[in-house]
Amino acid sequence: MSDSPPSLYAARDPIFPRRVQGVFRRLKWQIMALTLGIYYVTPWLRWDRGLALPDQAVLVDLAHRRFYFLWIEIWPHEFYFVAGLLIMAGLGLFLFTAVLGRVWCGYTCPQTVWTDLFLLVERWVEGDRNARLRLHKSSWSWRKSRLRLTKWALWLMIALATGGAWVFYFADAPTLLRDLLTGEAPPVAWISIAILTCTTFVFGGFMREQVCIYMCPWPRIQGAMMDDGTLTVAYRTWRGEPRGKGLKRHAQSTTPEAEISRAAGPQLGGRSPALPMQRRDSAAVLQPKPATATPTAEPGDCIDCNACVNVCPMGIDIRDGQQMACITCALCIDACDEVMGKLGRPRGLIDYIALSDAPREMAGAAPRPLWHHVLRPRNVIYFALWAAIGLALLIALYLRPTLELTVSPVRNPTYVTLSDGSIRNAYDLRLRNREGQTQEVTLRLTGPEGLELAIEGAEGAMIPVAADSQRQIRAYVTATPEAHAARHDRSAISFTVEDLATGETAEVASSFNGDPK
């Protein structure tokens with residue numbers, strides 16, 4: 001007997017989902033087309049901001065520290081807009097999870113979208129589930145090598161397009177594409193494309209469900225987001241159990257259940273892949289335990305054809321309860337509804353179900369309407385917070401000025417005594433111009449009598465500020481020996497800039513340091 005501890009590693013069982021048609025499969029195709037279209041097309045959209053600004057609709061300009069989104073331009077000191085959007089995204093994720101479970105994971109997560117795309121290519125090259133199973137179990141031959149190399153080449157092209165599209169968000173897309181084709185692109189562009197190409201190829205083609213199970217933290221967080229009122233994909237045990245091939249209703253050789261079972265294809269080795277931390281608590285298992293069936297019990301609607309298992313991209317059996325690996329893609333609903341339709345039985349054996357509706361349905365009553373699960377206090381609070389943050393961001397975006405001024409007093413030294421006894425303070429001023437054209441602004445000083453303003457390098461108070469840029473200048477404020485500010489430790493002053501074309505002003509309060517001796 002070996003004394004070595006048992007291995008904690010579980011080898012991956014390859015999963016070959018079967019093709020399925022239905023409402024949720026069509027919805028997933030539409031969402032995939034929409035999200036991929038947005039991702040690949042957005043960098044090429046143009047937006048006219050004037051001659052001095054880039055014309056790319058969405059651009060993260062790291063070199064000039066700008067983020068452009070259509071008519072919106074975010075500067076580095078306005079990162080609170082990005083923080084607000086991230087908070088809204090988190091609250092939106094909490095809201096959707098509280099209402100419909102892991103709907104984000106099943107429909108719009110990039111890992112799900114690209115895995116669906118890779119599976120589409122795999123099915124197109126190698127065939128549907130049964131053909132791919134046979135190919136996987138067969139020994140290497142010229143045909144197997146040709147199919148695998150073709151599939152991998154197509155995957156690599158998709159991965160390369162994915163990595164290439166990403167870098168186009170950080171530079172002018174047509175210019176960067178030309179530089180890539182001529183070999184003149186900067187090294188950071190090539191490195192970024194190589195990294196994203198490799199990760200897309202590996203994650204979407206080979207790791208697939210392992211990314212969701214082992215790498216993503218969201219499956220472990222979702223338990224706190226869901227409750228008994230959450231609608232999620234589940235199996236109606238009170239309708240489906242006890243399972244059977246319909247032998248008590250029809251002869252085995254002529255039953256439509258047997259034909260459907262054969263058409264569903266072989267099972268995944270008779271088990272689901274090894275999954276850590278499969279949840280069995282009340283927040284995840286959305287069906288009560290069925291009553292123990294007697295040998296003479298009438299069979300339930302489930303004919304144990306395993307169609308729901310064979311279409312699952314995660315390789316789980318939804319009839320075992322809602323598990324951590326389930327991404328609620330609802331493909332099992334389409335597969336089961338197809339079988340129920342062929343048998344002439346009511347659809348919805350697998351469906352979006354809430355745990356709180358289970359007792360009602362078992363008693364023969366209809367489940368609560370959708371609005372009852374959506375308009376709950378918890379969900380309303382999530383939505384109210386989400387809307388409040390969004391409204392606050394819109395107001396801040398609308399009210400932000402096009403001309404800004406910041407003032408930083410020079411503290412080393414705090415003041416200088418000139419030969420005639422005057423006291424001089426220095427200030428670093430930063431002027432920001434958000435307009436698409438150069439602004440001519442004037443600078444004036446407000447404070448006690450006896451103060452004079454001078455701008456380093458300028459004869460007057462007129463200052464040009466280039467379009468969509470900031471300018472830093474040094475200003476000097478001098479108090480005559482007789483002035484009140486010169487004889488007191490600190491006096492309140494303020495600087496004001498005014499755009500001569502629009503009349504817009506920006507004012508910043510500061511202080512003047514004198515010599516009280």
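## Cis peptide bonds

P413 is placed in the loop that runs between β6 (403–409) and β7 (416–417), and in this predicted model the peptide bond that joins N412 to P413 is cis, with omega at about 0°. A cis bond also leads from E241 to P242, where omega is near -10°, and P242 belongs to the loop between α11 (237–240) and α12 (256–263).

Most peptide bonds are trans, and most residues other than glycine have a negative phi. The cis bonds at N412–P413 and E241–P242 may be read against that background, as may the backbone angles described next.

R208 is not a glycine, yet its phi is positive, at about 45°. R208 sits in the loop between α8 (187–207) and α9 (209–215), and because its relative accessibility is 7%, under the 20% limit, R208 counts as buried.

D468, likewise a residue other than glycine, has a positive phi near 50°, and its place is in the loop between β11 (462–465) and β12 (469–479). With a relative accessibility of 9%, which is under 20%, D468 is therefore also classed as buried.

Strand β1 (residues 58–61) and strand β2 (residues 66–69) run antiparallel and are joined by four bridges. In this pairing V58 of β1 stands opposite F69 in β2.

Four residues lie between the strands of this hairpin, and R65 takes a positive phi near 55° there.

## Confidence in the model

For the protein as a whole the mean pLDDT is 85, with 88% of the residues at 70 or more. Among the elements, helix α1 (residues 23–41) has the highest mean pLDDT, 96, whereas α12 has the lowest, 41.

Over residues 247–295 the pLDDT stays under 50, although the model has 104 contacts beyond four places in sequence for this stretch. Where pLDDT is low, the predicted coordinates should not be read in detail.

Technical notes. Residues are numbered from 1 along each chain as its sequence is written. This is a predicted model: local features need pLDDT of at least 70, side-chain atom pairs count only at pLDDT 80 or more; totals for chains, interfaces and linings use all residues. Side-chain values use heavy atoms; hydrogens and water are left out. Helices (H or I, at least four residues) and strands (E, at least two) are DSSP runs, numbered from the N terminus. Buried means under 20% relative accessible area, exposed over 50%, partly exposed in between (1.4 Å probe, protein chains only). pLDDT is the predictor's confidence in each residue, from 0 to 100. Contact means heavy atoms within 4.5 Å. Two strands pair if DSSP finds at least two bridges between them.
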